[in-house]
Amino acid sequence: MKKVLTIAGSDCSGGAGIQADLKTFSAHGVYGMSVITAITAQNTQGVFDVRDLDEAIIKAQIDAIFTDIQVDAVKIGMVSQPSTIHIIASQIGKYHPVNIVLDPVMISKSGYSLLKPEAKKSLIEELIPRASVITPNVPEAEEIIRTVTSKPIAIKTVEDMEKAAQELYKLGAKNVLLKGGHMSGEAVDVLYDGKDITRFYSERIDTKNTHGTGCTLSSAIASNLALGYSIKEAVNRAKRYITIAIEHALDIGKGVGPTHHFYELYKKGGLEDGDIL
Ligand SMILES: Nc1ncnc2c1ncn2[C@@H]1O[C@H](COP(=O)(O)OP(=O)(O)O)[C@@H](O)[C@H]1O
Ligand SMILES: Cc1ncc(COP(=O)(O)OP(=O)(O)O)c(N)n1
């Protein structure tokens with residue numbers, strides 16, 4: 001069985017972060033493991049408090065996994081602060097995992113900052129260059145480009161997304177997937193691999209329940225890379241998975257409900273057993 005690790009924050013309400021990642025791994029038939037970077041108190045209505053774990057325990061978790069178990073892919077999500085980023089980057093340098101999917105989580109849908117302003121530079125310089133693929137949403141892409149170029153940028157069309165993906169590629173990740181969840185019209189994601197631009201389309205599902213979409217997509221990509229798919233096919237399959245997970249999103253809580261994960265949905269997306277086990 002393929003083994004996939006998430007390095008991310010905990011969402012006690014189960015919609016995003018570590019919890020969404022592990023549910024996504026299970027639905028893909030891969031074995032999930034977790035390194036927790038931070039504990040958030042959040043629900044469908046917002047993020048109320050955060051405790052970042054110290055670098056010693058983050059290091060110890062990563063050592064515990066890599067000294068014992070072969071890891072086929074790593075997904076990195078909420079990394080909060082410079083010390084968390086330094087230790088993750090240093091541990092990646094030590095263990096050289098294949099297939100690193102970096103979701104540069106900055107601000108939750110409810111508007112809470114999950115990355116400290118002083119950590120932006122470390123994220124860009126220490127983690128992005130080590131990633132097999134980065135998966136920013138539109139506000140994150142704008143913020144990263146603004147930080148690097150010191151120029152304002154507004155991504156408004158799919159063509160703007162393509163230009164932004166090419167700009168982000170210069171930061172050293174092997175692939176850039178710019179997600180279009182925050183745009184209007186069809187939900188179009190753009191992949192740039194340094195050579196080709198590929199668009200991944202889906203209809204825009206009319207729902208308020210999109211908590212954890214970014215976490216789910218990046219974990220689905222990590223699962224598919226672990227299973228041996230090329231980056232284009234891994235993104236294609238992950239896009240089908242997230243679309244179904246949003247279509248079946250749960251109206252749990254009083255706010256933005258979570259995406260839904262279970263194996264039957266995975267099969268419904270044409271992602272059959274035979275492909276994954
Ligand atoms: N309403 C929607 N209908 C269909 N796909 C969506 C919708 N909202 C987001 N997506 C898809 O979900 C994935 C995550 O995108 P996005 O919501 O932009 O990420 P994030 O959670 O990081 O803000 C992307 O594949 C995006 O196209
Ligand atoms: C612990 C934690 N990590 C990441 C996020 C952001 O997740 P995302 O998938 O982008 O979902 P939304 O916050 O945008 O709904 C999070 N909220 N918590």
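Ligand 2 sits among 17 residues, with Gly9, Gly17, Ser108, Lys109 and Gly214 closest; a residue counts as near if its C-beta atom, placed from the backbone, lies within 6 Å. This is a predicted model, where local features need pLDDT of at least 70, side-chain atom pairs count only at pLDDT 80 or more, and totals for chains, interfaces and linings use all residues. Residues are numbered from 1 along each chain as its sequence is written, while chains are lettered from A and ligands numbered from 1 in the order in which they are written.

**Around ligand 2**
- β1 (3-11) and α7 (213-226) each put at least two residues into this shell (helices are DSSP runs of H or I with at least four residues, strands are E runs of at least two, numbered from the N terminus).
- The shell splits into six nonpolar, nine polar and two charged residues (Ala, Val, Leu, Ile, Met, Phe, Trp, Tyr, Cys and Pro are nonpolar, Asp, Glu, Lys and Arg charged, and the others, Gly among them, polar).

**Around ligand 1**
- Here there are 18 residues, and Asn137, Gly181, Ala187, Ile205 and Gly214 come nearest.
- β8 (187-192), α7 and α8 (231-247) each supply at least two residues, and α8 gives the most, with four.
- By class, that's five nonpolar, nine polar and four charged.

**Helices α2 and α3**
- The axes of α2 (residues 55-66) and α3 (residues 82-95) come within 9 Å and cross at roughly 25° (axes are lines fitted to C-alpha atoms, for helices over the stretch in contact, with angles from 0 to 180 degrees between N-to-C directions).
- That makes the pair roughly parallel (angles under 35 degrees).

Terms used:
Angles under 35 degrees count as roughly parallel, over 145 as roughly antiparallel, 65 to 115 as roughly perpendicular and the rest as oblique.
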